[in-house]
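Hi there,

Here is the structure I promised to pass on to you. Have a look at it first, and my notes follow just below.

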Amino acid sequence: MKTNKNSSIHILIISYLLVFLVSCSKEKSVVNPGVNAAAINTSRAVAVGTSSTSNDSIYVVGTCAHGHQLDSISITGLPAMIIGYLAGNYTGYTFQKAYTDKDSSGNIAGYVVIIQFNGNPVGVKFDASGNFLNVLEQREGHDLAGEGWHKGGRFDDRDGKYKDTVSMTSLPAAIAAYFNTNYPQDTLIRAYKNRDSSYIVFSIDDGAFATMFAADGSLIRRTELQQPRGGIMAINQSALTAAVQSYLSSTYPNYVFKQAFSFSENGAMVGYVVCIDANGTKYAVQFDASGNFVQAITLI
């Protein structure tokens, strides 16, 4: 097992001003009394659970445009394309709720689906045909306005301080033993301890990998992030192309950067993989050399 002690990362905190909350018709929303709703753009919020760090409710925001309304529907009312997407990208998910997003004329403009995955709520938005649009940002109730997080809150990793980073020498003995026994040639790049005390370790050997462990150090699974093609390099967020960063910002609002890799062949760049945390769910998002989206893998 080899460790990379010189890697460093920079966080891009994506914050944007949201407002609330004019109720999406037929769906109860909340209003932060400190916000002048007339002064800023409107956004919509739907309750999806309770924070693990407080008794505050968790909301997904940006569910529908101004003048639109959300109407509840059952899972059987969703297009088959949406059901297939959820099954393929969130294996073992539990359906929680779903809505049609209707415009002022009553036409369906899209769908919002809330699921439970790996113990966390996930809000996913689709267009009227069932095509995936984006993963909705989550906020605790009293953080609906402003930056969307507070110190000590469920989403305080948005502060960019990487408090969840674990040094390789501090990994549990069971995790170190796993790599030494099974993948002694892996170069360990970076490790994080999740809120549920599970771990995720990024490494490079003949490919780039994300290996997930339970709190006791037992293996959950090892995922190859991209098939090996020539050279692999761990890179900082600042090394990503503008196209990649733009896609991540729009598709995973307020995501938290974890690790990225570049892939080259015969000295030419062929693609990137960017590992992120979007509201407690980890994704590995693949791009080609031009920064065009290829696919996303849900890690945990």
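This is a predicted model: local features need pLDDT of at least 70, side-chain atom pairs count only at pLDDT 80 or more; totals for chains, interfaces and linings use all residues.

In strand β17, cysteine 275 is the bridge partner of glutamine 259.

On to the next strand. β17 also pairs with β18, again in the antiparallel sense, over eight bridges. Here valine 274 stands opposite valine 285 of β18. The hairpin of β17 and β18 has two residues between the strands as well, with asparagine 279 at a positive phi near 65 degrees.

Stepping back, these strands are part of an open sheet of five, in the order β15-β16-β17-β18-β19, with antiparallel pairing. Which strands stand at the edges? They are β15 (231–235) and β19 (293–298); each has a single partner strand, so one side of each is left without a neighbour in the sheet. From one strand to the next, the twist averages 20 degrees. β15 pairs with β16 (residues 256–265) over five antiparallel bridges, and there methionine 233 has serine 262 as its bridge partner.

Helix α3 (residues 242–251) packs on this sheet and touches β17, β18 (281–288) and β19. The direction of α3 makes about 145 degrees with that of β18.

Is β17 mostly covered or mostly open? Mostly covered: nine of its eleven residues are buried. That goes well with what I found in the largest nonpolar core, which has 50 residues; Tyr90, Leu225, Leu248 and Tyr252 touch the most other members. Strand β17 (residues 268–278) gives the largest share of this core, with seven residues. Leucine 248 is worth a look on screen: leaving aside neighbours within four places in sequence, it is in contact with Pro253, Tyr255, Val274, Ile276, Val285 and Phe287. Another core, of twelve residues, lies apart from that one and includes Cys64, Val112, Ile114 and Leu136.

Finally, the chain as a whole. It holds three helices and 19 strands, and buried residues make up 50% of its 300 residues. Of the contacts between residues at least 6 apart in sequence, 51% join residues at least 24 apart. The accessible surface comes to about 12800 Å², and 50% of that belongs to carbon and sulfur atoms.

Enjoy exploring!

Best wishes

Technical notes:
Residues are numbered from 1 along each chain as its sequence is written. Side-chain values use heavy atoms; hydrogens and water are left out. A nonpolar core is a set of buried Ala, Val, Leu, Ile, Met, Phe, Trp, Tyr and Cys residues joined through side-chain atoms within 4.5 Å. Buried means under 20% relative accessible area, exposed over 50%, partly exposed in between (1.4 Å probe, protein chains only). Helices (H or I, at least four residues) and strands (E, at least two) are DSSP runs, numbered from the N terminus. Contact means heavy atoms within 4.5 Å. Accessible areas come from the Shrake-Rupley method with a 1.4 Å probe; for residues, only the protein chains shown count as cover. Two strands pair if DSSP finds at least two bridges between them. Axes are lines fitted to C-alpha atoms, for helices over the stretch in contact, and angles run from 0 to 180 degrees between N-to-C directions.
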